[in-house]
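Here is a short report on one structure. Look at the sequence and the 3D view, then read on.

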Amino acid sequence: MKEYSNGRKGAAIVIHQMFLVLMVCSIYGTGYNIRMHAGGLGELSLLMVTGLVGSFVTLAWLTNICGRRSEEDPGIYLNFIDRLYTDLHLVLMIMFIYLVFYLCRNLRGLHFEFSGLLVAVGTIGYLTDAGFLIFYLSMVRRAKNNTLLQHSLVWVLFHFIRDRLSGSFREPVTRKARERLAIQRAIEEIAAGAFDTRLDAENFHGQERELAVAVNHIRDGMSDAVMNHIKNERMKADLITNVSHDIKTPLTSIVNYVDLLKRENLDNEKARGYIRILDEKSQRLKQLTEDLVEASKISSGNIKLDIQEIDFVELIYQTGGEFNERFEARGLTIVTRLPHDSVMVRADGRQLYRAVENLYTNAAKYALENTRVYVSLEEHDQTAVFTIKNISSRQLPAGMPDLTERFVRGEESRTTEGSGLGLSIAKNLTTLMGGEFEIKVDGDLFIAAITFHKI
Amino acid sequence: MTILVCDDDKEIVDAIEIYLQQEGYSVEKVYDGEQALEVLKTKPVDLMIIDVMMPKLDGIRATLQVRQSSSIPIIILSAKTEDADKILGLNVGADDYMTKPFNPLELVARVKSQLRRYTTLSSAVQGEAVYEAGGLVMNDDLKKVTVDGEEVRLTPIEYNILLLLMKNKGKVYSISQIYEEIWNEEAIGADNTVAVHIRHIREKIEINPREPRYLKVVWGVGYKIETGV
């Protein structure tokens, strides 16, 4: 790593000034010699050219490296002089030049020996160059940092007045503040879950660069963790899908041959009973496999949503039409209280139907026979809440387990139909579409609610 | 009529054979795609039932090859239940897609339906008051509804609802629109009536009312007759 240390820079400045003084003095000497008709013009010209070339070469190198710390580090580092507003600095420089001219004019009046005059010329040349270097190198640093104009009193005042007039938030002026703000915004985006924001370290300097790099690391770490999680869920879903394919083939034969056995007109009463059990269980297994694939697909988010504006009221009527005979078969009466007008929500109609269908199925299966099932859609300021209430036919266990967890059912023995996945599917589908899903149990009263934002 | 059944699981093929023979069809049994193509070349076949995941030549590729030379009805029978799999199967030229485990009676119904369509579609009567959507035909002059050539009995209200949807294929009607059109009264606080009628119609015209081919439910919007079946 090639360092541009202060020692090197200082040395370059000293060499530059030596060459410059040499040049100035030889120019003065040349003029003096011509006036005095003295010789030695050739040697003086050589010294003059050497001083000229030397001072320009060192100045060019200084221009190149000023503001930088090493060859590898592209950052621009400002020093205290650069904090001075550009236009103020310019005014100071003009005053300095005026001072130099004033000194030079007075010099003419003095009557020194040639050697004394040479020292005076060299000194003035040296001081002028020092003042010039301070000004020039500072301007170069500002230009490299793109703050030549921004960091001026006129600019700041102009923006201050403009912002006051428009009343808008003032953009930070200094580079540090700007970079801090950029880092803050990036962190806010990452916190909000946008893992595609990445800070370009090239655009940051010093401490802010370290911060930016650290923020990128955090982003990468979080993004990896989230991606891994998604990947694992997908793999799990794929595994379940593949296993279920393998299960379905033998299951097809079981279902088919049980059906064939049923048609065989067996005389044996016991055998018929066994076949009936086989039939029920194989159908149950079939339902379970299908639900399992669905549940894993939905919980891994591996499902395409077609979000549209749909009428929740229409959807509930449609669902009611699908179910009324299943409810009638168990002596259940649906009491529906819905708004007269449409209630529009943003959702995938087919998936919302599946969520609502699962709740209806749940009621059809587990509600106490010959009771009423209450279905309603309530409108609030921002939301529409669909609720279904029923009296459970069995006592729901105390310390109710979370019914929306997979495979949890409100009964200890798993004798009845159902896979225990229905409520889990309904909940995951609802949350996937941006809705809320809630289940409450109050004694034997079972309440499920789906909430969506109204449009 | 001869039906070619192709699946690498021998027991499934045997079971399908039993069901089809009970309905009077003769069955050719093969166990991979290559054998299926061989049989199609040498014997007259009226319909093919084919599995997707098979050794040597899978059902999708076999279907593609069959379609290059033949237009017989093809029913795909697969354990893959994804929408994408169904769309792929129908896109390569299959006429129907059933998932495993299947209901044998539904398979037989679909076989019959495909065969009826294949043999009777060309003789469909064209008249002014005839509305068609695939195998579903409504003749408003005779007040007759047929699905794949077989007559379906609807109640007057069911008939009028279906006629409204058939006259405007592809258009989605909401429950209140249907109510106002059919009952000629304003729908004040509609109820399940229309939805129940729709389900009854579906049970009569669809082989599997849960996966309708003709009368589709657009959830949260209304009902429509599918175009392009």
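## The sheet and its helices

Strand 6 and strand 7 (residues 445–453) of chain A run antiparallel, joined by seven bridges. Strands pair if DSSP finds at least two bridges between them. Helices (H or I, at least four residues) and strands (E, at least two) are DSSP runs, numbered from the N terminus. One bridge partner pair is A:I439 with A:A448, the latter in strand 7 of chain A.

This is a predicted model: local features need pLDDT of at least 70, side-chain atom pairs count only at pLDDT 80 or more, and totals for chains, interfaces and linings use all residues. Residues are numbered from 1 along each chain as its sequence is written, while chains are lettered from A and ligands numbered from 1 in the order written.

In chain A, five strands make an open, mixed sheet in the order 2-4-5-7-6. Strand 2 (333–337) and strand 6 (436–442) of chain A are the edges; each has a single partner strand, so one side of each has no neighbour in the sheet. From one strand to the next, the twist averages 15°.

Angles run from 0 to 180 degrees between N-to-C directions, with axes fitted to C-alpha atoms, for helices over the stretch in contact. Contact means C-beta atoms, placed from the backbone, within 7 Å.

| Helix of chain A | Lies across (chain A) | Angle |
|---|---|---|
| Helix 9 | strands 2, 4 (372–379), 5 (383–391) and 7 | about 175° to strand 4 |
| Helix 10 | strands 4, 5 and 7 | about 20° to strand 5 |

Chain A also touches chain B. The contact takes 29 residues from chain A and 27 residues from chain B. Helix 7 of chain A gives the largest share of chain A's side, eleven residues.

Notes: Contact = placed C-beta atoms within 7 Å.
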